Amino acid sequence: MPPSPSSTGAGVASASPSASASASHPTPSWWESVSQARSRIQALSSILPPAASQDVAALADSDRPARALLRSPAAYAALSDALRAGGGANDPACHWLYDTLLSADPDLRLAALAFLPLLAALYLRRLPPELPSSLSGFEAVLLAVYSSEAKNRQGKPVLVQVPDLSVPSLYHTPASSPSSKSPRRPQPPPIPPPQATPVVGVLSPPLEPQAAVKSTKRAGIIGVAFEAYYSKILQMPAASKVDACNAVAAWAGQYCKCRFELDDKELEEEEGDSLGSVSPMSSEADNGKELEEELARMRINGDTSGRNCHEDYDKEARVPLPWELLQPVMRVLGHCLLAPLNSVEVRDAAADAVKVVYARACHDLVPQAILAARSLIELDKSARKAAKSAAAAASGTIVAAGTAGSTASSSRPSSKPNTPSKQRKPDTLPVSK
């Protein structure tokens with residue numbers, strides 16, 4: 001299990017010092033790390049099907065086998081298939097993840113932590129379990145991540161300090177209050193601003209030790225596990241980030257048209273369809289029916305939240321989303337959506353997930369989730385517009401450069417080879433005799 005970060009964002013102070021993290025997981029030597037990673041890779045290849053075990057076993061010959069395991073798409077796909085078919089108390093894939101999370105090699109712990117989004121999605125999707133022990137393997141892995149994070153924090157909360165904008169800083173100068181300037185009366189000296197009182201909020205409360213995943217503590221345990229995942233998200237593979245986005249979208253489960261409310265293109269198409277649906281040549285009954293459809297489409301006669309969406313979509317994976325679970329997963333979505341080094345697949349998956357979360361928050365009337373999801377949607381729209389404008393400007397520059405080059409080449413005088421001229425006869429001068 002990776003140690004908690006020294007900071008989780010601007011103005012955030014982590015409760016776990018680096019000394020406690022190093023004490024809980026002493027860093028092994030290079031040869032010990034390589035030997036341990038090779039043994040874990042061999043153990044993983046032994047529980048996978050023969051078609052995938054050969055590719056995974058070949059990773060042990062790498063100079064950095066744990067890092068190679070983390071970055072291997074074949075290993076991630078093979079173990080993901082094994083997790084989808086397992087989850088019980090005797091599941092070898094869950095046993096491998098549990099033992100790997102307890103290893104001293106940080107790269108090995110990262111390789112196991114990368115499967116947390118998929119494992120959490122499978123776990124919540126199968127609740128309630130058919131048998132008491134059918135999901136105990138998933139719960140053991142989640143408890144291992146939670147226990148390691150609780151040990152690193154040492155019973156302290158994670159706090160965030162909100163800066164006071166009335167006090168000048170390195171990045172801004174507060175605007176002075178307007179005052180009436182009189183030329184006859186001298187202005188009094190400015191009153192210095194009062195000493196700023198730091199506003200401290202609790203980002204994550206102190207963690208209590210948990211021996212089992214109870215229904216009342218389930219969301220908090222998974223939320224803490226996602227906080228640990230977010231602390232190492234920069235090193236996670238793209239497939240793991242896509243699984244995280246798909247898991248959040250499935251948990252929200254609000255695949256109605258409300259998720260397109262902030263999408264300009266979808267709104268224009270919807271308004272165009274609504275305007276063109278009412279025909280002035282239709283009968284009075286048809287007009288009344290179409291008017292009712294328009295009212296439903298405009299969500300005037302909807303539910304208590306003013307919405308009347310058809311709920312014929314799949315709700316099988318939809319789960320309750322308390323803030324203790326939604327807050328860390330929204331931070332994960334924010335990284336997947338806005339980090340510049342993410343692939344297009346990751347950003348598109350995060351954009352779809354944020355829209356589904358926004359629709360769910362609007363239906364459930366959760367103000368924190370509405371504000372967070374709407375902010376991410378607007379930031380994504382601004383980033384995509386800026387990228388589109390930059391691409392258009394770059395293509396225009398290339399076209400202008402090509403046009404200028406062709407114009408210059410056409411205006412340049414053509415240099416024809418000199419044709420040999422007819423040889424002139426030498427001039428003869430008259431000579432006097």
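I take helices (H or I, at least four residues) and strands (E, at least two) as DSSP runs, numbered from the N terminus. Trp 323, by that assignment, sits in helix α14, residues 323-338.

**Basis of the entries**

I am working from a predicted model, in which local features need pLDDT of at least 70 and side-chain atom pairs count only at pLDDT 80 or more, while totals for chains, interfaces and linings use all residues. Residues are numbered from 1 along each chain as its sequence is written, and side-chain values use heavy atoms, with hydrogens and water left out.

**Entry 1: overall figures**

I counted 16 helices and 3 strands in the protein. I then looked up burial, where buried means under 20% relative accessible area, exposed over 50%, and partly exposed in between (1.4 Å probe, protein chains only). Of the 433 residues, 39% are buried. For surface I used accessible areas from the Shrake-Rupley method with a 1.4 Å probe; for residues, only the protein chains shown count as cover. The protein exposes about 25,800 Å², and carbon and sulfur atoms supply 58% of that area. For contacts I required heavy atoms within 4.5 Å. Among contacts with a separation of 6 or more, 74% are between residues 24 or more positions apart.

**Entry 2: Trp 323**

I returned to Trp 323 and found a relative accessible area of 34%, so this residue is partly exposed. Not counting residues up to four places away in sequence, Trp 323 touches Pro 328, Gln 368 and Ala 369. I also noted Val 366, which is 43 residues from Trp 323 in sequence and 9.1 Å from it in space, C-alpha to C-alpha.

**Entry 3: helix α6**

I listed the buried residues of α6 (residues 92-101) as Ala 93, Cys 94, Trp 96, Leu 97, Thr 100 and Leu 101. Viewed down the helix axis, these buried residues fall within an arc of 160°, so they line one face of α6. The arc is that of the directions from the helix axis to the C-beta atoms. As background, an α-helix has 3.6 residues a turn, so residues three or four places apart point the same way. I found that the cover over the buried residues of α6 includes α2 (30-47), α4 (65-70), α5 (73-84), α7 (106-113), α8 (116-125) and α9 (136-153).

**Entry 4: helix α7**

I found 7 of the 8 residues of α7 buried, so this helix is largely enclosed by the rest of the structure. The buried ones are Asp 107, Leu 108, Arg 109, Leu 110, Ala 111, Ala 112 and Leu 113. Their cover includes α2, α4, α6, α8, α9 and α10.

**Entry 5: salt bridges**

I defined a salt bridge as a side-chain nitrogen of Lys or Arg within 4 Å of a carboxyl oxygen of Asp or Glu. The structure holds 10 of them.

I looked up Asp 107 again and found a salt bridge to Arg 67, with the closest N and O atoms 2.8 Å apart. This pair links distant parts of the chain, since Asp 107 is in α7 and Arg 67 in α4, 40 residues apart. Asp 107 is buried at a relative accessible area of 12%, and Arg 67 counts as buried at 17%. Arg 64, Arg 67 and Asp 107 are linked in a network of salt bridges.

Within α5, Asp 81 and Arg 84 lie 3 residues apart, about one turn of the helix. Their side chains meet in a salt bridge of 3.2 Å, N to O. Asp 81 is partly exposed at 47%, and Arg 84 is partly exposed at 40%.

I also recorded a salt bridge between Glu 227 and Arg 153, the closest N and O atoms being 2.3 Å apart. That pair too links distant parts of the chain, with Glu 227 in α10 and Arg 153 in α9, 74 residues apart. Both Glu 227 and Arg 153 are buried.

**Entry 6: Gln 210**

I located Gln 210 in the loop between β3 (199-204) and α10 (218-231). With 16% relative accessibility, Gln 210 counts as buried. Leaving aside neighbours within four places in sequence, Gln 210 is in contact with Leu 143, Tyr 146, Ser 147, Lys 217 and Ile 221.

**Entry 7: a nonpolar patch**

I built patches from residues with over 30% relative accessible area and no salt bridge, joining like charges within 9 Å and nonpolar side chains (Val, Leu, Ile, Met, Phe, Trp, Tyr) within 5 Å. Leu 159, Val 200 and Val 202 make a nonpolar surface patch of about 250 Å². Leu 159 belongs to strand β2, residues 158-162, and is partly exposed at 32% relative accessible area.
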